[in-house]
Amino acid sequence: KIARKIILSLEGLEHDSLRLLTLVPLQSLLDRIQRKIVNKKSLLVLDGVGRYDCDDWEALRAVFQHGMSGSGILVTTHEHSVAGAMESSYKFCLGKLSDELCWMILREVGLNDDTLEYAVEDIGRELARRCEGLPFAAKVLEDAIRHYDFGIRGWDVFLRNCIWKSPRIPKYMSKILSLSYCNLPLSVRRCLSYWAIFPKNFEISKTLLVQHWMAQGYLYSSDNLEMELKGEEYFKCLEAHSCFQYCTRDGGMLTCKMHSLVHDCVQSLSPDDLMMRFESVKHLTLNLSSWTEEVKVVGTYHLVMMIAQGAGFPMDISGAEKLRTLVAVTQGCLITSQALSNLFKQSKHLRLLDLSLTSGLINLRYLSLAGSKVLKILPETLCDLHNLQSLDLTGCSSLRKLPDGMGKLMNLRYFYTWCCSSLTSYPKGISCLTSLRELTNVIARADHNDAKEFTLGDFEKLNNLCGHVRVKLVGNAIDADEATRANLWNKKDLDRIRINLDGDIGKESQDVIKKALNPPSDLNIEFV
């Protein structure tokens, strides 16, 4: 198709000639182009290349190598991978537009009437700011404004409403975002669409986002240990399409959020029967099968509840039979055992729950109890959640004991216990969790191999741990056999171990402890 269009341009043929050229073999077309450009200077522009095929590209590039020195090929693309694969001599990565440039674009098409009051500029500049420097967003707004009956009131209405609700938007979507969305693999589109459950400007760490995708089954791989790599691949793909922007929060933790206009777009693409978000839950019953003007629909496989301050968790959520995700966003609300019991009876397919204690949900993969300061003990039934991949107990400061049957959570990959100050030991079963990738603040006996408590040597088979691990060593001394059994040599992805010494073991010198652990040279051990 490209070769035929090049011939039309080179030979000045009418567009109707394309029909005749469809009968000509590709190699004959390429030979014809070569004869036309030999010993001539030429510039070929390929605009909006969405995919790369090595054989096709090499065949086309070989033809243009017969032109004069100084000839060139200019390619524009949304895909970073395309630019790399084409082995470009020069790459120009376009940055964001400034708010001023976005404002100039909007003013050119929407504010060319000198009779409009100055107040319009304030509204227009706010629209320009909402473009967030994205060229396609400015283009969407420009086209929408061009067909909008403007005035001060019109601008104000346009500003207050989601621009993707315009009846003209589907046309813009197919024209402007086709390369950015439609060319995404189906598996990546699912990950992008999942973002619709989050509120606008919601910040989330990449690690947590990947865990959400994992819990939904979006990162299927023949090798379970490759799911994180698959998640990283999908995230980079979406990042390359300008879907995310980074934000650095207090403490240096890197988080990301979606551009607000992309968020509007994603929500417009998400079927209403798949996702639902209740902006303000004030009542004790919810019906996912119907809604009123007070309820903003985003669907029923995924539910996000923005629980109003002072309100309780709903006692009954009807229509939740197919629910796979439930996230409660609240500043603190009362969740009764009866409310949870009703939820669990109705939601047998739940995979991700982010609110409070649960049991008996065999499909559950992500559970966050973070900040549950009154929680003192976890029931043994928690260990029946065999598909659980992520367990977050951060901030459960009153938690005194972990379940003895933790070893049954064989699919657990992330286990967080930051600020669980009341825990004095960890169960032996953690030594069986060979899929663990992140483990924080673990307490390990170092003076002997205990039958019930997690010990230093129980790190032996946890060879998939990565990043940083913080360990509190307790006991009277370092047992050399336990230190050797910890098998630090096989922790290839572990960067740093931070060790806290407790009790009599604190009298041991740091050099003696390091020598006993015998870590590889690239593993950093710190004492805190």
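Author: Hello, and let's begin with a cut-off: an angle of 65 to 115 degrees counts as roughly perpendicular. Please keep in mind that this is a predicted model.

Reader: Thanks! Why are α12 and α14 called roughly perpendicular to each other?

Author: The axes of helix α12 (residues 186-194) and helix α14 (residues 227-240) cross at roughly 75° and come within 10 Å. That angle falls in the range from 65 to 115 degrees, and therefore the two helices are roughly perpendicular. On the α12 side, the contact is made by S187, V188, C191 and L192, while α14 brings Y234, C237 and L238. By class, these residues are six nonpolar, one polar and no charged.

Reader: And what makes α3 and α4 roughly parallel?

Author: Here the cut-off is under 35 degrees. Helix α3 (residues 26-37) and helix α4 (residues 54-64) have axes that cross at roughly 25°, so the pair counts as roughly parallel. Their axes come within 8 Å.

Reader: Which residues of α3 and α4 meet, and how do they divide by class?

Author: From α3 come L30, I33, Q34 and I37, and they meet A59, L60, V63 and F64 of α4. The contact holds seven nonpolar residues, one polar and no charged.

Reader: Let's turn to the sheet. How do you know that β17 and β18 pair?

Author: The test is at least two bridges between the strands. β17 and β18 have seven, in the parallel sense, so they pass.

Reader: Why do β16 and β19 count as the edges?

Author: The open sheet has four strands in the order β16-β17-β18-β19. β16 and β19 (524-527) each have a single partner strand, so one side of each has no neighbour in the sheet. Ignoring direction, neighbouring strands are turned by 30° against each other on average.

Reader: What lies across β18 and β19?

Author: Helix α18 (residues 510-517) does, and its direction is at about 145° to β19.

Reader: What is the lining of the largest cavity like by class?

Author: The lining has 12 nonpolar residues, no polar and no charged ones. Leu, Val, Ile, Phe and Ala all count as nonpolar, and the lining is made of L456, F459, L465, V469, V471, L473, A486, L488, L494, I497, I499 and L517. The cavity's volume is about 120 Å³.

Reader: Which strands each supply at least two residues of that lining?

Author: β17 (467-474) and β18 (494-501) do. These strands also pair with each other, over seven bridges.

How values were computed. Residues numbered from 1 in each chain as written. Predicted model: local features only at pLDDT ≥ 70, side-chain atom pairs only at ≥ 80, totals over all residues. Heavy atoms only, no water. Axes fitted to C-alpha atoms, helices over the stretch in contact; angles between N-to-C directions. Parallel < 35°, antiparallel > 145°, perpendicular 65-115°, else oblique. Contact = heavy atoms within 4.5 Å. 1 Å grid on protein atoms, 1.4 Å probe; cavity = no way out; pocket = protein on both sides within 12 Å on 5 of 7 lines; lining within 4 Å. Points joined across faces, edges and corners; volume = space filled by probe spheres on them.
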